[in-house]
Amino acid sequence: MTKSKKITLLIAAVVIIALLVVAFVTKGASATLDCPDCDGAINVTECEDCGGMISETKCEACGNSLACETCGGDGVVLGSLWALLPPIIAIGLALITKEVYSSLFVGVLVGGILYSSFSFTGTLDAVINDGLISAVAGTAGIFVFLVELGIIVALINRAGGSAAFGRWAQTHIKTRVGAQLATFVLGVLIFVDDYFNCLTVGSVMRPVTDSKKISRAKLSYLIDATAAPICMIAPISSWAAAVAGYAEDGQGLKLFISAIPFNFYSLLTLVFIVAIVLMKFDYGPMKLHEKNAIENGDLYTSGEKNEVPEVVSDNAKNSLADLIVPVVLLIVSCIFGLVYVGGAFDGANIVDAFANTDATVGLPWGGLVALVLTIIYMIVRRTISFKESMECVPQGFIAMVPAILILTFATALKNMTSGLGAKYYVGELMSNSNLGMFLPAIIFLVACVLAFATGTSWGTFGILIPIVTAMFPDGGMLLIIGMSACLAGAVCGDHCSPISDTTIMSSAGGQCNHLNHVSTQMPYAITVAAISFVMFIIAGVLQQFITSFALNAVICLTIGVVLTVATLFVIKAVTNKKTAK
């Protein structure tokens, strides 16, 4: 570590300690807000279990609690600006130290200290029980799916599927532009779930992009930019199901579909990718990574190499089918698993099944089926033996350990932030705003900040969707634009955040150093976010003059596409000018 970095780290440590001292003296982290659900009022007049009368918050006959589930009948909830301190510390330390594990843990520790009001045993209890154990329990299904996916990738490599695809790609994908566009198209096609998208696209396209000297940072960006943004505009996806679950009165899926044309961040990110690939230029830290890859064959540039040793077969029997069949099995099995968990076999239609599904159950369900079928298929084809297939199990698990560790710490940090009442504090700020036609742009910014700080887009739109619908009780186009801003901001903040699970999965899929991925992606994401912010202002103003939903959407998207391409031309001109000097 350089001297300047040591000084920066020392200053950061002093600032963190000073902030904790201020929090201790002022007891700011213990500040409360009125409960957003009940204000402490009891709306039930008779116990549903026994018919007994209510005495304050309990039934006199059976003692059942009838208090508000949010506040427990107290009428207040924790909520203050201090709730955002732990993620800010974690993100800041990660950017300074370039070391993500310790940075996330420090964030979790600070959250535990604030949550326990500086109690030593209370801090340990909060960090271990409310943080780490809850994180593992809450994301166990995703861990299982990651391991299953890692084993399938190991099987494909052992059977020679990746090598066969590499041979095919060398004859059909001849340029760097073609390899990047192929990655983009595959990412668009796998729209069911972002985790599935990240790891599948990375596993399939990594040999191709490596052969065309595309940096791992650029590959991870292409994966990340076609994961959450695609899922957020796909009506049949785990994301659509999540949004449908957060909205009231069963209108979630309808609102989700209506919001797609105004989801500027997701749509313009796709335009941005195609434009920057065809224009053959990069800027920011990505430019150095691409330059090193092209000129020196260095796909990593800096940081530790997250390359996992892979056993690749040179079996003459291997063919492209050894890659295609497992991937198709995985896609079909995961879709089947998602709709099965959603109740498709209990009478629910496909749309309702996706709306009611649980991705943390459906994806492991589908992943296990695909894994078993893949092993059977490869043994029948005699590309690998049963013993070799079992050797792939620990190899696949090892490949996913870094992602599982980061996801555990990141989820623990989210738990700490939630426990400190971040969502109630942000909700209070939002509900008190009165900015009319500029509200969509403000909602977009708030969603960006909240998703960036907490690392969860699902948690962000889960917090904001009820607030947004309450802010526009009359419905209409402004509600749809506000909903779009909420969803777009959630994706944007999640896209930028180093503690986001999708960002972590993209680093794992591209086998790229996590902080390299974050730092190279940030300028691209911020560029699209700035354009999207302008577009939400324009959309908010236009809805006052243009009552046609379709016409407003077409005009706004046309302006957005032109702005995106024009911005890239300006950036390219400025970058070339600086390079010339």
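This report describes a helix, the nonpolar cores and the aromatic pairs of a predicted model.

**Helix α1 and its end**

Helix α1 comprises residues 3-26, 24 residues in total. At 1.5 Å a residue, a helix of this length should span 34 Å, and the 35 Å between its end C-alpha atoms therefore agrees with expectation. Within α1, the residues A12, I16, L20 and A23 are buried. An α-helix has 3.6 residues a turn, so residues three or four places apart point the same way. Just after α1, K27 adopts a positive phi of about 55°. The charged end of K27 is also placed over the ring of F24, 5.9 Å from the centre of that ring.

**Nonpolar cores**

The largest nonpolar core contains 72 residues, and Y265 and F444 have the most contacts inside it. Helix α22 (residues 477-496) supplies the largest share of this core, 14 residues. Apart from this core lies another of 59 residues, which includes I375, A412, L413 and M505.

Beyond its neighbours up to four places away in sequence, F444 touches Y265, A485, A488, G489, C492, A529, S532, F533 and F536.

**Aromatic pairs**

The model holds 14 aromatic pairs. Two of them are set out below.

| Pair | Geometry | Centre to centre | Angle between planes |
|---|---|---|---|
| F281 and Y283 | stacked | 6.0 Å | 25° |
| F444 and F536 | tilted | 5.3 Å | 35° |

The pair of F444 and F536 links distant parts of the chain: F444 belongs to helix α20 (residues 439-454) and F536 to helix α24 (residues 514-542), 92 residues apart. F444 counts as buried because its relative accessibility is 1%, and F536 counts as buried because its value is 0%.

**L267 in helix α13**

L267 lies in helix α13, which covers residues 264-279. Leaving aside residues up to four places away in sequence, L267 touches I233, I260, P261 and L557. A separation of 261 residues in sequence divides L267 from V528, yet their C-alpha atoms are 9.8 Å apart in space.

Conventions:
Residues numbered from 1 in each chain as written. Predicted model: local features only at pLDDT ≥ 70, side-chain atom pairs only at ≥ 80, totals over all residues. Heavy atoms only, no water. Helix = DSSP H or I, 4+ residues; strand = E, 2+ residues; numbered from the N terminus. Contact = heavy atoms within 4.5 Å. Expected span 1.5 Å × (residues − 1). Buried < 20%, exposed > 50% of the residue type's maximum accessible area, 1.4 Å probe, protein only. Core = buried A, V, L, I, M, F, W, Y, C linked by side-chain atoms within 4.5 Å. Phe/Tyr/Trp six-rings, centres within 6.5 Å; stacked < 30°, edge-to-face > 60°. Lys NZ or Arg CZ within 6 Å of the ring centre and 35° of its normal.
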